[in-house]
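Have it open while you read.

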Amino acid sequence: MATLFTVFRHIFNIIKIFDFNGKELHSFAGSTSNISGLQCCENYLVSSTYDGKIKWYDYEQEKKIDSISGKEDINSMLVTGDGIILIAISTGFQLIDMSTKKIIKNLSGQSGKVNAIAYNEMGLIITGSDDKKVKLIDVIMNKMDKPEANPDRIKQQLTEYSLVPEEWGGDIIC
């Protein structure tokens, strides 16, 4: 049975995992900078730091499994179900394959520092940045010049979540 967690905390570059009663379950030290992102995936924990490092840990064994060192500060991070790490860096973001540790895509276009990043199963990435704009990127297509591209379908799906594109009178940039 999977362990349920209540809070991830990072204090003095240490990650602490607590159960719902506040009992500390696990502690991971060794981060070289303040922690900018944490995510629990299956049986491991992935963390990112402002100095460009990504580490993943086996949280039952309390040991580091692997790490990646980047060249840019990481502002935010998340992991998809298929082992892709999305990291927000300065005015863009990168997709990294956990198995190969290679950058598989660089995306940019924000006019301010990217602070938040979200992903859904349809292959859409939503970013928020210092420019006070939310942007939506279709990672699967990533080009609207392809014959199968259907931007209106994506925009319609957004409205189901009360996210209305600018050209339809809302404030979401598509």
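Which residues touch the most other members of the largest nonpolar core?

1. Keep in mind that this is a predicted model, with local features needing pLDDT of at least 70 and side-chain atom pairs counting only at pLDDT 80 or more, while totals for chains, interfaces and linings use all residues. Residues are numbered from 1 along each chain as its sequence is written, and side-chain values use heavy atoms, with hydrogens and water left out.

2. To the question, then: Val46, Ile54, Trp56, Ile85 and Ile87 touch the most other members of this 14-residue core. (A nonpolar core is a set of buried Ala, Val, Leu, Ile, Met, Phe, Trp, Tyr and Cys residues joined through side-chain atoms within 4.5 Å; buried is under 20% relative accessible area, exposed over 50%, partly exposed in between, with a 1.4 Å probe and protein chains only.) At least two residues each come from strands S5 (44-49), S6 (53-58), S8 (76-79) and S9 (84-89), and S9 gives the most, with three. Strands here are DSSP runs (E, at least two residues), numbered from the N terminus. Another core, of nine residues, lies apart from this one and includes Leu86, Phe93, Leu107 and Ile125.

3. Have a look at Trp56. Setting aside neighbours within four places in sequence, its contacts include Tyr44, Val46, Ile65, Ile85, Met98 and Lys101. (Contact means heavy atoms within 4.5 Å.)

4. Most residues other than glycine have a negative phi. Lys101 is partly exposed, at 36% relative accessibility.

5. Glu62 is another non-glycine with a positive phi, about 55°. This residue lies in the loop between S6 and S7 (63-69), and is partly exposed at 40% relative accessible area.

6. Beyond four places in sequence, Lys55 touches Gly30, Ser31, Lys64 and Asp66, among others.

How values were computed. Helices (H or I, at least four residues) and strands (E, at least two) are DSSP runs, numbered from the N terminus.
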